[in-house]
Amino acid sequence: MSEKKENTSAKEAKKKKISSPTSSFKVVVREIVKDKVALTAFIVIVLVLLFTFGGSLFLNAEKVTETNIIDAYYGWGMNGHIFGTDDGGRDILNLLMMGGRNSILIGLGVTAVCEIVGLLVGLVSGYYGGNVDAVIMRIVDFIQVLPAMPIEIVLVSVIPNYNPLSLVGIISLFGWTGTSRYFRAFVLSQRGRDYVLASKTSGSSDFKIMFREVLPNITSMIIIDVVLQIASNIGIETTLSFIGYGLPSTVPSLGTLIGFANDPVNVVSRPWLWLPATVMLLAISLSVNYVGRAFQRAADARQREN
Amino acid sequence: MWKTVLRRILIMIPQLIILSILVFFLAKMMPGDPFSGLIGPNTDPKQLEALKRQAGLYDPVPVQYAHWLKNLFKGDLGISYIQHVPVTSLIADRAVNTFWLALITTIITYCVAIPLGVTAGRHQDEWQDQAVQIFNYITFAVPPFVFYILGIWLFGFTLGWFPISGSVSPNASGFFGTIGSQIYHIILPACLVALISTTSIVQYLRTGIVDNKVEDYVRTAHSKGVPDNVVFSKHILRNSLLPIASSFGSVIAGLLSGSMIVESVFSYPGMGKLFLDSIGQRDYSTLTALILIFGVLTLLGNLLSDIIMSIVDPRIRIK
Amino acid sequence: MEKQSDLLLDIQHLHTAYRLQGKFYDAADDINITLKRDEILSVVGESGCGKSTIAASIIGLYDHKNTKVTGDILYNELNLVGLNENLFNKIRGNKIGMIFQDPLASLNPLMRVGDQVAETLYYHTDMNEKERHARVIELFNQVGMPKPEETYAMYPFELSGGLRQRIVIAMAIACKPEVIIADEPTTALDVTIQAQILDLLEDIQKQSHSGIILITHDLGVVAETADQVAVMYAGQVVEKADVKTIFEHPLHPYTRSLLNSMPQSEDEEEDLHVIHGTVPSLKNMPREGDRFAARIPWIPASAHEKEPVMHEIDPGHWVRCTCWKTFHFEDDEASGE
Amino acid sequence: MAKEIIQVKNLKVHYPIRSGFWNRVTDYVRAVDDVSITINEGETYGLIGESGSGKSTTGKAIVGVEPITSGQIIYQGVNITTAKNRRKLNYNKDVQMIFQDSMSSLNPRKRIEDIIAEPIRNFENLTTDQERERVQELLDIVGMPSDSLYKYPHEFSGGQRQRIGVARAVATNPRLIVADEPTSALDLSVQAQVLNFMKHIQQQYDIAYLFISHDLGVVKHMSENLAIMHRGRLVEIGSRDDIYNHPMHIYTKRLLSAIPLVDVEHREENKKHRQEVEQEFQNDQSKWYDDKGRVYPLQQVSGKHWVALPKDELKQEEIKEKGRD
């Protein structure tokens with residue numbers, strides 16, 4: 001008898017899984033495929049990733065950044081350099097591949113740190129509320145009123161053994177606050193919801209409630225925030241590199257390439273130095289943001305359906 | 001209300017203290033000291049040592065901090081390592097330029113953002129709204145310096161409409177000539193910065209209008225027979241402008257301390273440019289002073305925002 | 001027979017349809033009701049049966065893009081359906097006043113309550129500012145506001161729920177409207193406050209000889225205040241009569257079931273009556289046959305009309321469908337689904 | 001006399017009010033102020049009050065989700081106001097809660113199976129099969145189809161969701177369930193359904209309810225004994241008969257007179273009576289409330305009937321009451 005029940009319920013389960021409403025993934029895919037622009041943005045992202053990460057596979061970092069003054073300032077397509085060369089005779093196309101990859105990697109790294117720290121802080125602060133929250137939020141407030149970019153620049157220039165990892169650390173130092181505030185606000189609103197109380201009266205521990213009850217309710221928010229953060233962190237890195245305080249000079253970045261435009265001569269007569277990187281940064285920023293917005297719309301749409 | 005404001009000011013005091021400690025330690029972390037620039041082949045190391053001791057560089061850290069703080073209160077931010085002039089006078093010149101840039105940017109920002117936000121909110125999901133949304137989306141997504149570069153390339157070099165560097169033309173003469181030249185130099189950077197700083201204001205205003213539109217009290221106003229356009233201006237718009245008004249302080253603070261990139265691109269002699277120059281020249285005393293000023297400005301900007309909020313929002317004012 | 005002028009609102013064949021995913025669905029389906037002077041007409045039913053839709057249709061406050069209203073709503077021979085907005089604004093707040101459910105949400109949080117009441121007067125009277133102020137104070141007195149002068153300059157968040165609802169009422173009656181529509185005016189309030197607000201509404205109605213449409217889901221409120229009652233189910237009026245008839249000789253199965261499920265019976269040990277199933281959603285509403293038939297499955301299909309219409313059983317007592325004749329409670333199933 | 005299951009003694013939940021320039025604690029909101037009630041095994045104890053009366057806070061304090069200021073809650077001879085004691089006793093296995101808002105009380109991201117199984121997983125070690133069987137059984141009890149197991153809360157109507165809430169509350173075979181306004185968000189016909197289920201389950205499993213509501217009609221239908229709360233304090237406690245037929249405190253009378261009755265015949269008299277009571281309530285505040293507007297301590301009238309009045313006033317009221325009978 002019970003076996004039969006088991007059997008039917010298993011079948012039921014299979015059937016029901018199809019109508020499962022929580023599969024954010026499916027809704028997102030549906031939303032993106034429906035939205036032609038989002039689909040294009042998504043393809044652009046894939047192409048950029050293939051170009052930068054794929055291209056970099058065939059490059060030797062040392063060779064790419066080796067200077068060879070004789071080859072300096074080749075224009076478009078000269079001597080086999082499709083995008084020409086820079087002041088050190090380095091091939092811009094190669095720099096673009098590696099620079100793009102580095103910028104994206106920094107963006108990913110900073111996002112990973114900020115999201116994890118921000119999520120943990122936000123969960124704890126929002127869930128416990130009260131004094132815990134008050135103290136954490138004062139700290140967050142304070143960090144947020146600090147002039148981030150000047151301090152970042154100072155740190156970049158005074159830290160000994162400065163490398164890309166230090167840059168990730170420095171940017172993350174200020175980046176997690178916004179994320180934690182964003183999640184905290186949501187957790188705070190969930191904390192008063194009866195389902196949290198119900199879990200408490202069901203004997204679940206705080207830890208369990210935070211991670212098993214509340215967290216699943218913010219997954220779509222996390223996805224959206226991650227995507228938007230990646231775009232914004234790439235922006236911060238390229239900005240810093242642009243004014244010369246981002247990635248170390250041996251590591252190419254989109255920012256350093258665009259930085260060539262700081263020289264009026266380059267702006268007018270050597271557009272190949274900075275234009276490809278600018279276009280690539282535009283492409284990344286616009287398409288990643290667009291996909292983020294599409295996620296957001298998908299999440300909103302699901303909320304409406306519910 | 002005054003209680004709220006006063007309390008808000010009191011909250012700022014510990015923030016200022018922490019900020020000063022932070023800046024002090026940042027300064028300590030930086031290599032060099034006021035005498036680094038004096039070292040030449042003829043400098044007597046012993047004499048230098050004595051000077052350093054006299055300046056308190058070997059005192060315990062708290063004593064040094066107290067000393068630093070005391071000087072701070074006297075308005076003494078130290079001597080520039082490189083230029084050998086008081087940092088205060090170095091900054092003062094530049095601060096005026098940054099102030100004008102920020103002021104004009106703010107004016108342009110609000111003049112552009114409010115009509116855009118109102119249009120988008122009022123015509124939600126229609127073409128006007130979609131156009132504003134696209135504008136907003138682009139300015140939000142792309143890092144600002146890209147706009148500066150493209151702006152300078154297009155309007156400065158290609159079209160030649162605006163000067164591309166400096167704050168005033170060396171040929172400018174006379175009071176009005178100078179002012180005119182200054183404004184001419186400011187317009188392009190101000191417009192480009194405003195392009196970006198409008199984004200959040202437009203977004204807030206639009207969301208505020210869209211959200212307020214469906215509130216029950218708007219329905220009530222309609223049910224009283226209030227004409228549509230009055231319901232919009234008197235109920236929806238007024239309530240949506242509240243958060244915008246209060247963001248004023250932080251917008252200004254953001255512009256002042258965020259002047260770095262735009263001033264660097266336009267070689268505009270303001271505080272941000274000074275900051276970057278100082279870091280290039282390892283002029284750490286100037287750097288320290290600038291970070292402190294940027295920090296205080298942001299704190300003051302946020303204070304201003306909170307004060308405006310407590311004046312315009314009855315829910316805070318009355319409590 | 002009452003005089004013609006006593007008829008304030010004559011709603012005939014009102015259909016209000018909302019657009020859901022591109023298709024229009026009637027939320028109010030062929031509504032025929034009238035409101036007379038000196039009368040409180042209560043529209044009662046469970047959530048989702050179309051009560052509030054009627055209110056919105058009368059006062060013309062709906063999303064014009066996604067709502068389609070047809071039929072006639074005659075106010076003194078003026079048809080409100082499709083009326084020009086400018087003309088409608090002369091009627092709203094002036095001839096027809098509206099009271100909403102949630103008094104906090106219905107007041108502008110950033111405007112002094114006195115000014116919000118005065119706003120109505122600004123658009124419908126020639127009073128100057130001083131006169132308006134005086135009239136607002138007078139209204140505050142009328143709705144039983146303690147300290148009217150002080151209240152004038154207060155903001156909604158400074159007042160209690162009951163006082164807020166009094167402000168909303170003052171706003172609705174400021175121009176002495178002939179028709180007042182109260183959409184669940186006491187649902188958000190405590191019982192003791194509810195009693196006061198209902199008494200206030202009755203007093204106002206007696207003084208001003210207006211007609212009130214009271215929309216509620218609470219049968220107790222209906223029994224205490226209404227003169228005429230229209231019971232709604234799934235977008236239709238299923239029974240219409242004076243209040244005494246409704247409570248003492250209810251005929252339609254829905255009315256009877258509803259009354260039976262109230263936990264006010266003397267015998268506490270007995271199970272409450274449960275109506276099978278649930279109120280269908282707008283999209284799933286049956287559009288043919290008796291809409292309540294699915295919830296009384298033990299009544300044979302032959303008892304229902306094919307196209308149920310309203311029958312006048314006694315003078316003024318209207319019942320939809322003929323199934324009431326054979327309807328009985330199925331006691332064995334009372335405790336079931 | 002039935003055995004008591006839980007005793008609440010002098011429960012206080014106070015929230016500080018901060019004001020003045022330094023934001024110091026200047027006063028307290030006495031959300032629950034000196035409340036003592038005793039609930040017997042298997043009975044339904046009604047707790048009535050208007051919004052802000054502290055009734056929900058009392059309920060939450062009893063299940064242990066609201067920190068209390070002082071007082072004791074004795075369960076099995078142990079004061080369970082500390083989390084440590086609650087854990088030691090597996091208190092929340094025995095005491096559960098049903099919430100008002102069925103949508104908000106069910107995690108929208110969890111399947112019904114996981115929602116109902118949550119307390120079982122916390123307190124019992126069952127295999128997956130046993131657990132599923134138990135959840136099926138619970139769904140049967142509240143009359144939900146077994147395929148509900150794999151659905152999400154939003155796929156159900158309000159009444160169904162509330163029944164799922166009931167199923168979760170009874171999952172661990174509790175001795176006491178605190179039901180906080182379980183039906184006030186529901187339509188009349190659905191309310192009847194949920195109330196019926198609650199009664200059946202009570203009879204079947206001998207569960208005690210603390211039934212919190214503002215609706216006197218519903219409470220009358222459900223409970224044998226009840227307490228009326230006002231401004232964080234109890235104004236009157238007693239049996240159903242005591243409260244509904246012999247109310248003594250003006251607030252109880254006011255509450256009773258304010259319920260709209262389905263009695264068209266006598267509505268004018270009801271209205272008159274209501275206004276008389278309201279008049280008395282407004283005029284004789286000092287008689288029923290002390291100079292700070294607080295409710296007096298309870299005095300015994302008879303058996304179970306207690307009312308919050310000073311002793312001398314109580315005598316007068318009793319005389320008046322007798323005269324009326």
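**Backbone and interface**

Author: C:E77 is exposed, with 71% relative accessible area; exposed means over 50% (1.4 Å probe, protein chains only). This is a predicted model, in which local features need pLDDT of at least 70, side-chain atom pairs count only at pLDDT 80 or more, and totals for chains, interfaces and linings use all residues. Residues are numbered from 1 along each chain as its sequence is written, chains are lettered from A and ligands numbered from 1 in the order written, and side-chain values use heavy atoms, without hydrogens and water.

Reader: What phi does C:E77 have?

Author: Most residues other than glycine have a negative phi. C:E77, not a glycine, has a positive phi of about 70°. C:E77 sits in the loop between β4 (67-75) and β5 (78-79) of chain C; strands are DSSP runs (E, at least two residues) and helices likewise (H or I, at least four), numbered from the N terminus.

Reader: Where does C:K147 lie, and is C:K147 buried or exposed?

Author: C:K147 is in the loop between α4 (129-142) and α5 (148-152) of chain C. C:K147 is exposed at 57% relative accessibility, and its phi is positive, about 50°.

Reader: How many salt bridges are there between chain C and chain D?

Author: A salt bridge is a side-chain nitrogen of Lys or Arg within 4 Å of a carboxyl oxygen of Asp or Glu. Between chain C and chain D there are five. One of them joins C:K244 and D:E265 (3.5 Å, N to O).

Reader: Which element gives the largest share of the side of chain C that touches chain D?

Author: That is α7(C), with nine residues.

Terms used:
Buried means under 20% relative accessible area, exposed over 50%, partly exposed in between (1.4 Å probe, protein chains only).
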